[in-house]
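Subject: Structure handover

Hello,

Here is the structure we talked about. Please open it and keep it beside this email while you read.

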Amino acid sequence: MLRLHPYRYHRPRELAGALELLKVHAGNVMPIAGGTDLMPNMKHRLFTPGHLVSLKGVEGLYGIEERDGEIWIGACESLTSVASAPLVKRYYPSLAFAASTIANPMIRNQGTIGGNLCLDTRCTYYNQTHFWRQALGFCLKRDGDVCHVVKGGTRCVAAHSADTPPVLITLGASADLASTEGTRTIGVEEFFTADGVWNTARKPHEVVTRVRLPKPPAGLRTSYQKLRERKSVDFPILSVALAVAMADTDTVASISLVVSGLGAKPRTIGQLDDIAAGRQLDAGIIEAVAEQAYRQCHPLANIIVDSDWRRAMVRVYVRRAFRDIQSKSEAAA
Amino acid sequence: MIEVIELTVNGDRHRIGVPSHYTLLETLRYVLGYTGSKQGCDKGDCGSCTVLVDGVPTLSCILPVQEAVGHEVTTVEGLAGPDGPHALQDAFDICGAAQCGFCTPGVLIAAASLLRQTESPSRQEIKTALSGNLCRCTGYTKIYEAVELAARAAREGRKPSELVQR
Ligand SMILES: Cc1cc2nc3c(=O)[nH]c(=O)nc-3n(C[C@H](O)[C@H](O)[C@H](O)COP(=O)(O)OP(=O)(O)OC[C@H]3O[C@@H](n4cnc5c(N)ncnc54)[C@H](O)[C@@H]3O)c2cc1C
Ligand code: SF4
Ligand code: FES
Ligand code: FES
């Protein structure tokens with residue numbers, strides 16, 4: 001039995017009301033959407049806000065629709081809706097697929113895409129009960145001043161573990177944020193920072209209101225690959241999102257590759273256009289891209305899985321992403 | 001802080017006082033006495049607390065109770081009808097799909113939701129629908145067989161017990 005700490009639960013109907021509550025109770029309040037991340041974390045005493053502002057009742061945070069040449073997904077849309085919405089499946093199959101791999105069917109009914117974007121980072125030494133963490137002497141992400149992953153480290157390297165953001169980055173998506181001070185739009189790639197304690201550019205009183213995706217260029221080929229211990233329930237311990245824009249049927253225009261589940265920030269693999277742009281997508285290119293990803297990824301022991309193995313899997317999962325893209329386009333031909 | 005809320009469980013309306021930091025599961029078990037839904041991991045990992053909220057399978061251990069207000073909650077106690085057990089309950093009995101029984105209420109709820117959506121679920125559809133319900137005893141095969149038997153019984157308008165020889 002994991003008891004929650006006492007709190008007051010607010011259910012505003014309007015976004016303005018929610019933003020006001022977040023301002024009034026600043027320092028002692030958190031937004032909650034599906035609660036599938038926050039509730040377990042509160043049960044572990046990782047967060048103990050005196051007030052929770054539920055976003056689920058805020059009407060303006062729903063809807064999956066075409067607007068101004070973009071697709072807008074309301075922050076409170078459930079992962080089940082994102083995985084099954086015809087617009088998402090048609091334009092962004094890798095996003096629908098990534099959402100469909102999250103957790104389990106019940107959690108996908110409850111969890112939201114906004115919450116997925118704001119998911120707290122994860123680490124073996126952090127996602128534990130208060131008792132467990134106390135026995136070890138806590139760590140610098142919460143209640144303590146040492147890191148158990150990087151001995152002597154002064155920076156938390158807990159892992160970004162959400163499935164949709166890597167895909168959103170490859171699709172060039174952005175997020176709309178709102179607070180009592182106004183609204184702003186930020187690219188999903190810039191939304192994340194390399195600080196494991198708080199890995200997003202979102203300020204605590206800001207609410208993600210929607211995710212916006214540009215219409216994909218014709219012939220964009222995408223894939224999402226997720227490594228985990230079991231095929232259900234588990235978070236990714238490595239994830240690979242790939243989008244390949246083609247100049248024509250055989251020639252690559254550009255490649256966007258994001259690897260995550262390793263450190264605090266989803267890693268966009270750089271220098272791929274030097275390797276691939278203007279060339280045919282053949283085994284040599286795929287191997288070169290996989291090698292580039294391998295070189296740029298350095299998993300740490302923030303989960304109890306052999307880090308060398310996890311790193312070796314980067315190559316394997318990048319290859320699988322390409323194979324997936326190739327088999328899909330063969331099936332379409 | 002105690003909050004007074006109204007909750008509809010299995011068609012019955014309850015006006016109750018609950019600590020404002022209770023989950024739906026705690027409210028069901030410790031305020032209302034519906035102990036069918038189990039408190040396993042209590043943090044979203046196992047599925048033993050699964051209930052329906054407006055027909056949607058939901059983990060009650062991580063649902064703030066306020067989110068159930070104004071919605072219809074169905075627990076395993078609400079599956080059976082006036083004419084006897086739900087076809088799934090009958091089929092689980094016949095197939096030996098419950099051993100220690102701890103996961104069973106959550107599995108029954110998730111399976112009941114599947115059967116409402118699909119008359120003839122494939123084995124893969126059943127596996128997917130139950131992929132958030134962990135069972136340490138049965139090895140799952142008997143659970144899948146029981147769901148298939150219940151689905152067949154429902155399609156043929158008969159009771160599972162009429163379809164098998166004991
Ligand atoms: C057993 C289990 C397995 C899981 N497996 C996976 C997995 O495989 N992949 C995965 O990606 N996730 C997984 N999750 C985590 C979680 O279910 C999802 O990430 C989900 O999308 C979180 O959304 P939520 O609405 O429930 O977030 P909440 O728990 O409501 O919120 C999470 C955080 O985001 C903040 N927040 C929520 N919405 C907003 C908003 N609109 N604006 C600003 N801040 C907001 C909250 O304050 C909180 O800090 C798993 C969880 C569990 C319990
Ligand atoms: S990476 Fe270090 S500081 Fe961060 S949660 Fe893990 S042990 Fe704590
Ligand atoms: S008790 Fe709710 S998922 Fe385990
Ligand atoms: S019957 Fe014992 S856990 Fe499923």
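Below are notes on the sheets, the hairpins and a ligand site.

First, the ground rules. This is a predicted model, where local features need pLDDT of at least 70, side-chain atom pairs count only at pLDDT 80 or more, and totals for chains, interfaces and linings use all residues. Residues are numbered from 1 along each chain as its sequence is written, chains are lettered from A and ligands numbered from 1 in the order in which they are written, and side-chain values use heavy atoms, with hydrogens and water left out.

Some terms come next. Helices (H or I, at least four residues) and strands (E, at least two) are DSSP runs, numbered from the N terminus. Two strands pair if DSSP finds at least two bridges between them. Strands of a sheet pair through backbone hydrogen bonds, either parallel or antiparallel.

**The three-stranded sheet**

Start in chain A. Three strands form an open sheet there, in the order β1-β3-β2, and the pairing is parallel. β1 (8-10) and β2 (29-32) of chain A each have a single partner strand, so one side of each has no neighbour in the sheet. On average, neighbouring strands are turned by 25° against each other, direction ignored. Axes here are lines fitted to C-alpha atoms (for helices, over the stretch in contact), and angles run from 0 to 180 degrees between N-to-C directions.

Four bridges link β2(A) to β3 (residues 51-54) of chain A. Find A:M30: its bridge partner in β3(A) is A:L52. Helix α1 (residues 15-24) of chain A lies across β1, β2 and β3 of chain A, at about 150° to β2(A).

**The five-stranded sheet**

Chain A also has an open sheet of five strands. The order is β4-β5-β8-β6-β7, with antiparallel pairing. Its edge strands are β4 (64-67) and β7 (182-187) of chain A, and each pairs on one side only. The twist averages 25° from one strand to the next.

β6 (residues 174-179) and β8 (residues 207-214) of chain A share five bridges. Here A:D176 stands opposite A:R210 in β8(A). α1(A) packs on this sheet too, touching β6 and β8 of chain A. Contact means heavy atoms within 4.5 Å.

**Two hairpins**

β4(A) and β5 (residues 70-74) of chain A run antiparallel, joined by four bridges. A:R67 has A:E70 as its bridge partner. Two residues lie between these strands, and A:D68 in the turn has a positive phi of about 50°.

Now chain B. Eight bridges pair β1 (residues 2-9) with β2 (residues 12-19) of chain B, in the antiparallel sense. B:V9 stands opposite B:D12. This hairpin has two residues between the strands, and B:N10 takes a positive phi near 50°.

**Ligand 2**

Which residues are around ligand 2? Among them are A:C123, A:C139, A:C147, A:H148 and A:C156 (a residue counts if one of its heavy atoms lies within 4 Å). By class, the shell has ten nonpolar, one polar and one charged residues. Ala, Val, Leu, Ile, Met, Phe, Trp, Tyr, Cys and Pro count as nonpolar, Asp, Glu, Lys and Arg as charged, and the others, Gly among them, as polar.

Best wishes
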